[in-house]
Amino acid sequence: MSASESSTELKIYTPDAATVATAHVQGMAGYEALVQEAEADYEGYWARHARELLSWKTPFTQVLDESERPFFKWFADGTLNASYNCLDRNIEKGLGDKTALIFEADGGEVTKVSYSQLLAKTCQIANGLKSLGVTKGDRVIIYISMSVDGVAAMQACARIGATHSVVFGGFSAQSLRDRIQDTGAKVVITADQQVRGGKHLPLKSIVDEAIALGGCESVHNVLVVKRTGADIAMAAGRDLWMADVVDTQATTCEPEWVSAEHPLFLLYTSGSTGKPKGVQHSTGGYLLHAALTTKLTFDLKGDDVFWCTADIGWVTGHTYITYGPLALGGTEIVFEGVPTYPDAGRFWKMIQDHKVSIFYTAPTAIRSLIKAAEANDAVHPKSYDLSSLRILGSVGEPINPAAWEWYHKHVGGSRCPIVDTFWQTETGGHMITPLPGATPLVPGSCTLPFPGIQAAVVDETGKDVPWGQGGILVVKKPWPSMIRTIWGDPERFKKSYYPDDFQGKYYLAGDGAIRDAKTGYFTITGRIDDVLNVSGHRMGTMEIESALVSCTELVAEAAVVGRPDDTTGEAICAFVVLKRPRPVGDEARAIAKQLRDHVAKEIGPIAKPKDIRFGDNLPKTRSGKIMRRLLRSLAKGEAITQDTSTLENPAILDQLGDNH
């Protein structure tokens, strides 16, 4: 079924009158007014928001500097401090006693931290870092699990003008070493251990291993938070307990006022060449978009309890835990653990207990919880009181329509808008997303660009393609929170994001997309390298995955990759998790035929997977991201030589490799 044909059958959910009446952006008229404001005066639009949402020590006079394109600068002559904007400013508004963070530990213990308490802790860490010789422009690596300490450490770096680089606690020693070496970090902040799913997992020993690999001579000190009290090695003169350094420090620390273009953080993302890319974000432009998208996409109000389930090791945890909600004076949940411990009702119990009103999670988590809920009523959302919810969100990858519908019905009670957000580490915040009080929703579509973002779908030459025809997603104008460069590699930045194919004019998102022929809504079809070419037909892997998962009585989750094929050029290989025990033999062949026929019915015979392999799960990182590059190797019959240390379930590779 082509996109233009399916558009006649779109299921559209319009915002209810009550949501529209109280929203920051009311109805499509409100959305269009913002879009038109940005089109009429692009710089003026962003300048207005920057003045309204941020506090500046030195007001900016220049908005956008394009003189060194594609190295754009925003508000460059203005000065500010991100930590001041997130903490002091809210206390000055009388919010000192308001809860800033609700931390729920892996075992269920809850700690509430007010804005005044978070500021005091941030200042003590900031003063501690200064006592170790960390100054403006130095880099600090943060290798820690979800915690108040992690958020405060990020804020502390921002407070003194140090550039933080958070490394996800699931990364291996080699990966950590590469990031320490690339940043030239002076200090590493870590913990003795992390706790996940009832298990104590190493952190400090991995830091030791990373430094022992060599190339980390820049590191003067390792600061260690005592999380579990485990017996760990401490190198004399280098390693220090966080408490010993910060507990005696003053609870006040004057903010370091920095240029809006000062690097707030570096965050490493996978590159097609294998070497991670250090994505560099600014202070002013990034913080503006973090605050603006939190306000408009989530319609954040003063009495909301906002829960983003991401880890601070990823950009989602930066923008929608550490910076966006705090810049608006919000109350944010910080969660240590996994969604299935002590059981698969953990998320729903936390929403019930903390009266969460805005819930933001990943499709992978939703799909895994669907499988658990349908197998056990005790962990089904219907067994919990989720009436506090008013907004749901989805992040990380496109959400297939079947999972969207389940999320809407069973978690949102068929009343909560779902904001299906498309964005990237490099974009800093949402790029294409519904606004809950404005945008009619279509399951599986991220709908329309955020006001001020000029997204488009083009062909290989940069020419716009007609609606209903797939192409390459680009952004035509720079925006404040965009990546500034790749740390230490400006040429790679230009080649990756402003390639010569488009004469360096457009930001290349690296994703394929299609706009619905009638509504103009965007649907992301997968990474450009995840667009399969089967007998001359281009198909997005996401489209095939959605077709498989729409077989709701059978399929819990699916991932699709391509492999070389002598006849068709590329063959489709599907890895499928069923809602029943993994089949083998004749049963597996019968179900595979049933699924092929279903895909043929949903998309067309050309989309039928040549290989279908069944597993108890898919290979995922501890943050829940499916490792498709490993699936590509399995599909090709290659031995797995890549680093699998970040996988939650490495044994699944053997299962998926054997069953075909």
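Asp 616 is found in the loop that runs between strand E30 (611-614) and helix H20 (628-636), in what is a predicted model. With a relative accessible area of 43%, Asp 616 is partly exposed, because this value falls between the 20% under which a residue counts as buried and the 50% over which a residue counts as exposed. Leaving aside residues up to four places away in sequence, Asp 616 touches Lys 371, Val 577, Arg 582, Ile 652 and Gln 655. For one of these residues, Ile 652, the separation from Asp 616 is 36 residues in sequence, while the C-alpha to C-alpha distance in space is 7.6 Å.

The next topic is the aromatic rings. The structure holds 36 aromatic pairs, and among them is the edge-to-face pair of Tyr 84 and Trp 257, whose rings are 5.3 Å apart, centre to centre, with 65° between the planes. This pair links distant parts of the chain, since Tyr 84 belongs to helix H5 (residues 82-86) and Trp 257 to the loop between helix H11 (242-246) and strand E13 (258-259), 173 residues apart. Tyr 84 counts as buried at 17% relative accessibility, whereas Trp 257, with a relative accessible area of 22%, is partly exposed.

Phe 335 and Phe 347 also form an aromatic pair that is edge-to-face, with 5.9 Å from centre to centre and 75° between the planes. Here too the pair links distant parts of the chain, with Phe 335 in strand E17 (residues 331-335) and Phe 347 in helix H14 (residues 346-354), 12 residues apart. Phe 335 is buried, having a relative accessible area of 5%, and Phe 347 counts as buried as well, at 3% relative accessibility.

The two pairs are set out below.

| Pair | Centre to centre | Angle between planes |
|---|---|---|
| Tyr 84 and Trp 257 | 5.3 Å | 65° |
| Phe 335 and Phe 347 | 5.9 Å | 75° |

Ring pairs also join Tyr 42, Tyr 45, Trp 46, Trp 56, Phe 60, Trp 74 and Phe 75 into a cluster. One of the residues in this cluster, Tyr 42, has Lys 477 lying over the face of its ring, at 4.6 Å from the ring centre. Elsewhere, the charged end of Arg 179 sits over the ring of Phe 171, at 4.5 Å from the centre of that ring.

Notes:
Residues are numbered from 1 along each chain as its sequence is written. This is a predicted model: local features need pLDDT of at least 70, side-chain atom pairs count only at pLDDT 80 or more; totals for chains, interfaces and linings use all residues. Side-chain values use heavy atoms; hydrogens and water are left out. Helices (H or I, at least four residues) and strands (E, at least two) are DSSP runs, numbered from the N terminus. Buried means under 20% relative accessible area, exposed over 50%, partly exposed in between (1.4 Å probe, protein chains only). Contact means heavy atoms within 4.5 Å. Rings of Phe, Tyr and Trp (its six-membered ring) pair if their centres lie within 6.5 Å; planes under 30 degrees apart count as stacked, over 60 as edge-to-face and the rest as tilted. A charge sits over a ring if NZ of Lys or CZ of Arg is within 6 Å of the ring centre and within 35 degrees of the ring normal.
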